[in-house]
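Subject: Structure handover

Dear colleague,

Please find the structure below. My notes on it follow.

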Amino acid sequence: MKRTFALFILILSWCNVFSQEDSLRTTRYVMRSFLIGTGRANVLDTYLSPLEYKGPEVRVLFENMRMTRLMGGNVSAQHVFQADFSYTKNPAQTARMYTGMVSWTYALHYQFRLNERLKILAGPTLDLNGGCIYNNRNSNNPAQAKAYGSIGASGMVIYKMRIKDYPLTVRYQASLPLLGAMFSPEYGESYYEIFSLKHGGKHVSFTSLHNSPSLRQWLTLDFPIRQFNMRIGYVCDIQQAKVNNLKSHIYSHNFMIGFVRNFYILKGKNRISMPHNVTPY
Amino acid sequence: MIMKKTIYYLLLAVLATSCIREDISGNSPEDNFEALWKIIDEQYCFLEYKSQEYGLDWDEVHARYAERITSSMGSEALFEVLSEMVNELRDGHVNLSSSLATSQYREWFDAYPRNFSDSIQSNYLKKDYVNSSGLTYQILDNNIAYIYCSSFSDGIGDGNLDQTLNKLAICDGLIIDVRNNGGGNLTTAQKLAARFTDKKVLVGYMCHKTGPGHNDFSTPEAVYIEPSSGIRWQKKAVVLTNRRSYSATNDFVNSMKQFDDVVIVGDKTGGGSGLPFSSEIPNGWSIRFSASPMFDPDMGQLEFGIDPDVKVDMTSEDMQQGKDTMIETACRILKN
């Protein structure tokens, strides 16, 4: 009995040591991707116009994902930086709006590894956004500044498969802001009052699903071509708000293409392949 | 179990997500009429004030003009009816713009004497006047400085103002003529006004709409003019006004009226105390309208103009002699 117990303790200790070493090592595996894409945008901001402006959009997306030591090494950290610019026109094609936005999202996902092919990830996110919409025709309300941030929930499904020995990885991710804050001038307030006269007002509003129901979704497919890991994807970015009696939305649909780099952080070893049980992706 | 719950709550949250859109659809004459009426109804800032002043009833305007809208009417006819509708607001800041034309309410100056003649003005400016950053100036024969400011649309440089006031410092008094100045940038008007005070002065209040209701306004906040750090005018000054002194010029006159050594001479200004915003209707026509009202230090309305301290009109006798009655009056005030 004593020998059995001693053996059990030994195995447990060994496993613990292994997992710590494994955890330490897994944090050095990084997946980075850079995507560029184009699509369509639908922009509404009732501070500028009650009409929806539509037109082309370009977007870049940089993603970085690696495992952490949290919860036994089962949590991955994801940084996503996006920048987009759209050139849109009103329905009658008589006025133009230029929209530029940047966003940074940090997410921690607990990884549920269901089998060798399928992973489901879920966890909290922090999302920060900033930008500007400019209308070329307006007088004292020519532009609207956009600045908002939130914490939310993110879910991801990663499925790895092979078609005739050709490896493919499909990923779907959705990110939903739940609680946050947003800058907005008041309903009929000019930026002249805010910045030149320095008048106060309710310029920061609490946001949640009731007044800012937004959703970001990505669908990507990874596939190797020679020594490169290519990625194609579709981004559906729905950003909406109704604060200070002003309605706004930016609906973006973009098709993206780029490449992925999986590497080990030690110098000179960035060609090391990532085993299934340690890879963040 | 945790995973199932997470997915459940995530899906629930996604289902709660709904579209935020503006309730505007269609591009028929009726749709454009309704869209324009709604923009004014929800965003125009003087509906209540004008209801008290001359009985404007925006709902009644809707009923009256809706009868003139038909689905078969052409763009030109629609523009005419919509222009007439927004002219009910009696506001020079309300303009409907299309490729056909831009509507304008002109009664605020057409129904009054012009009180300005550039040919008579040239008798005072002579041929050796100076132009500096949008200001035209001359030293008159009686050693009174005369500055004509035709617009606040372009910025006035601090260096130019320093040079101008420095050059005119030898004069006994200064006339600033803002007749026929239709406005421009408020910041430019305030920059010029800041040269005529040595202390921070309360010149009025400003507020804005906080919602679509006719009475949804923020608490009015004080507007001050702080003295410029550049060269400031230390002697008596007269501001000349007429009905075409409008918008940012109206604001300039209001600011100058609060200063100790400044006298407003001429005709009542044209008004236009609402900071204009722009919007548009489905057919792409743009509409400019007053969005944020400005008040004097006693919270009095300035929308229909500011009365001068000394009311003077150009007389036909003076005009026949090539004299500007207002400039002559200003000179007498400054010399006394």
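In which hand of crossing does helix 4 of chain B pass helix 5 of chain B? The crossing is right-handed, a term for the near helix being turned clockwise from the far one by less than a right angle, with anticlockwise giving left-handed.

This is a predicted model, in which local features need pLDDT of at least 70 and side-chain atom pairs count only at pLDDT 80 or more, while totals for chains, interfaces and linings use all residues. Residues are numbered from 1 along each chain as its sequence is written, chains are lettered from A and ligands numbered from 1 in the order in which they are written, and side-chain values use heavy atoms, with hydrogens and water left out.

The helix pair in chain B

Helix 4 of chain B covers residues 58-66 and helix 5 of chain B residues 75-87; their axes come within 11 Å and cross at roughly 160 degrees. Axes are lines fitted to C-alpha atoms over the stretch in contact, and angles run from 0 to 180 degrees between N-to-C directions. The two helices are therefore roughly antiparallel (over 145 degrees). Helix 4 of chain B contributes B:Trp58, B:Val61 and B:Tyr65 to the contact, and helix 5 of chain B contributes B:Val81, B:Glu84 and B:Met85 (heavy atoms within 4.5 Å).

Chain A

Chain A has three helices and eleven strands (DSSP runs of H or I, at least four residues, and of E, at least two, numbered from the N terminus). Of its 281 residues, 51% count as buried (under 20% relative accessible area, 1.4 Å probe, protein chains only).

Regards

Note on methods. Buried < 20%, exposed > 50% of the residue type's maximum accessible area, 1.4 Å probe, protein only. Parallel < 35°, antiparallel > 145°, perpendicular 65-115°, else oblique.
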